[in-house]
Amino acid sequence: MATEKSQESSGELARLREQVNKYAILLDIVRVMNAETNLDRLLELIMQEATRVVEAERSTLFLLDQERGELWSKVAQGLERQTIRLKVGSGIAGYVAEKRESVNIPDAYQDPRFNRETDEKTGYRTRTILCMPVHHKGGGIIGVLQVLNKKGGTFTKEDEGLLAILCSQAAIALENAQLYERLRAAYQELKELDQMKTDFLANISHELRTPLAPIIGYVDLLLSEHPGPLTARQQSGLEIISESVRRLRGLIEQLLTFVQLGQGGGYLQLKEASIDSLLRAKVEAFQEKARAKELSLTLAAPASLPNVIADPEGIAQVLDLLLDNAVKFTPYGGRICLAAGVVTGRPFQASPKEGRQPFATGVEDVELVEISVSDTGIGIPEDQLEKIFQHFYQVDSSSTRQYGGTGLGLALAKKIVEGHGSRIQVESRVGQGSTFRFFLRTVSPPSASDA
Ligand SMILES: Nc1ncnc2c1ncn2[C@@H]1O[C@H](COP(=O)(O)OP(=O)(O)OP(=O)(O)O)[C@@H](O)[C@H]1O
Ligand SMILES: [Mg+2]
């Protein structure tokens with residue numbers, strides 16, 4: 001009697017242990033499932049694990065195609081990989097999809113709902129079926145999970161419990177994967193559109209630039225009076241053409257540079273460069289424009305600055321763009337200052353929130369040259385300060401706006417500065433003026449040990 005009891009309890013213990021094991025496996029499955037974002041792989045994983053967890057021979061996960069009122073499955077274990085389609089309402093899976101309730105069938109051929117067609121086609125013999133709806137969070141169903149032929153018997157209540165847990169977890173993973181798939185498709189589409197736009201811009205700027213060269217050439221020839229003398233009216237007319245065509249060319253070149261920078265094609269060539277001479281040349285070049293608006297344009301820099309690591313043409317372009325804005329957005333009689341000085345900071349990975357110090361922590365301080373363009377112009381509203389660096393963004397983009405331009409300048413300047421591992425920053429007050437600032441790395445002075 002005592003032995004009978006102990007046998008009974010050790011049997012119970014073994015059963016419990018087995019049950020705990022199964023739940024542990026299930027937990028593992030859930031973890032793996034949740035990490036899978038590829039829908040096809042997830043479907044396969046769910047089927048494989050459903051088969052394993054209830055000790056069946058095979059399983060099929062059907063997804064519901066709401067529009068067509070059909071269930072479909074792409075991968076059927078054991079069968080060839082192909083898409084199977086079933087009408088909702090037909091066969092066991094169709095019945096479960098329609099009624100949204102589970103069925104546990106101990107003998108398939110005795111069940112009038114069972115459709116023998118697949119068995120007849122494949123030569124497989126279905127004996128037992130456990131089939132369950134996979135419910136949405138929202139209430140409807142995503143699909144139906146069907147497992148066939150319990151090894152060595154019929155599906156138990158415990159199998160039903162295990163499969164129900166698997167189904168509820170599968171629902172979450174499936175919804176995530178479907179969402180992920182949609183996101184991936186949308187992202188891909190965006191990337192293709194972006195590439196199309198870039199190609200288009202590159203082509204169109206190239207095509208637009210080509211006819212400008214002969215126009216400029218001939219206007220210059222006429223202005224040289226080589227072909228014959230000009231009247232004063234002809235001369236001033238030609239000068240207007242010359243000025244406008246050159247502006248147009250500048251604009252197109254700006255567009256081309258922008259596209260090239262976007263493609264990242266090693267456009268910048270960083271090398272040791274003298275920033276001194278560059279700054280002086282720029283102040284000189286902008287004097288005439290400034291004078292035309294009665295603006296004072298000054299340079300505030302120490303007598304000599306260390307050399308920097310930069311692409312001189314790129315930096316010249318940044319200064320052009322910033323000075324052009326300063327002149328454009330500063331009313332008559334205002335002041336513009338191009339300033340430079342040596343500071344120490346931590347290079348690269350800037351955060352605009354860090355205020356005057358743009359560089360990230362975690363790297364040693366190095367010597368930098370700070371370059372800024374300040375004006376006493378119209379200023380920029382606080383909520384627009386980040387947006388002005390987006391391409392084609394202008395604070396006033398109305399058709400009646402007072403200032404010309406396309407809104408590419410700052411986007412271009414930002415890219416070039418970032419190509420130097422730096423960031424462009426702005427401080428501004430409406431009605432008082434703006435300061436744009438960026439930093440360049442100096443060529444490190446020889447250390448004592450090098451001497
Ligand atoms: N110094 C400044 N003062 C006031 N507003 C400015 C200044 N610089 C830029 N902005 C604002 O930022 C916008 C974007 O400048 P950005 O240089 O990118 O374009 P743009 O000057 O309008 O055109 P583009 O430079 O292509 O000729 C400007 O339209 C203007 O609203
Ligand atoms: Mg501009």
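Predicted model: local features only at pLDDT ≥ 70, side-chain atom pairs only at ≥ 80, totals over all residues.
1. Cysteine 337 has serine 374, a residue of S11, as its bridge partner. Helices and strands here are DSSP runs numbered from the N terminus (helices are H or I with at least four residues, strands E with at least two). Strand S10 (residues 335–345) and S11 pair in the antiparallel sense, over 10 bridges. Two strands are said to pair if DSSP finds at least two bridges between them.

2. Residues are numbered from 1 along each chain as its sequence is written, chains are lettered from A and ligands numbered from 1 in the order in which they are written, and side-chain values use heavy atoms, with hydrogens and water left out.

3. Buried means under 20% relative accessible area, exposed means over 50%, and partly exposed is in between (1.4 Å probe, protein chains only).

4. Stepping back, these strands belong to an open sheet of 5 strands with mixed pairing, in the order S8-S10-S11-S13-S12. Its edges are strand S8 (296–300) and strand S12 (425–429), each of which pairs on one side only. On average, neighbouring strands of this sheet are turned by 20 degrees against each other, direction ignored. Axes are lines fitted to C-alpha atoms (for helices, over the stretch in contact), and angles run from 0 to 180 degrees between N-to-C directions.

5. Now to ligand 1, which is surrounded by 20 residues; the closest are Asn325, Lys328, Gln394, Gly407 and Leu410. A residue is near a molecule or strand if one of its heavy atoms lies within 4 Å of it. Helix H9 (312–328), helix H10 (409–419) and strand S13 (433–441) each supply at least two residues of this shell. By class, the shell has 9 nonpolar, 9 polar and 2 charged residues. Here Ala, Val, Leu, Ile, Met, Phe, Trp, Tyr, Cys and Pro count as nonpolar, Asp, Glu, Lys and Arg as charged, and the others, Gly among them, as polar.

6. What lies 2.9 Å from a nitrogen atom of ligand 1? A polar side-chain atom of aspartate 375 does. An oxygen atom of the ligand is 2.8 Å from a side-chain N or O atom of asparagine 325, and a backbone N or O atom of valine 395 is 3.1 Å from an oxygen atom of ligand 1. Taken alone, ligand 1 exposes 590 Å², and the protein buries 95% of that. Such areas come from the Shrake-Rupley method with a 1.4 Å probe; for residues, only the protein chains shown count as cover.

7. There is also an open sheet of 6 strands, with antiparallel pairing and the order S3-S2-S1-S6-S5-S4. Strand S3 (84–87) and strand S4 (103–105) are its edges, each pairing on one side only. The twist averages 25 degrees from one strand to the next. Within this sheet, strand S5 (residues 129–135) and S6 pair in the antiparallel sense over 7 bridges, and isoleucine 129 stands opposite leucine 148 in S6.

8. Two residues other than glycine have a positive phi and deserve a check. Asparagine 149, in strand S6 (residues 141–150), has a phi of about 55 degrees, and at 0% relative accessibility it counts as buried. Glutamate 55 has a phi near 50 degrees and sits in the loop between helix H2 (39–53) and strand S1 (56–65). At 33% relative accessibility, glutamate 55 counts as partly exposed.

9. Helix H2 also holds threonine 51, which counts as buried at 10% relative accessibility. Its side chain makes a polar contact of 3.1 Å with that of serine 59. A polar contact is a pair of N or O atoms within 3.5 Å; within protein, one must be able to donate a hydrogen and the other to accept it, and residues adjacent in sequence count only if both atoms are side-chain atoms.
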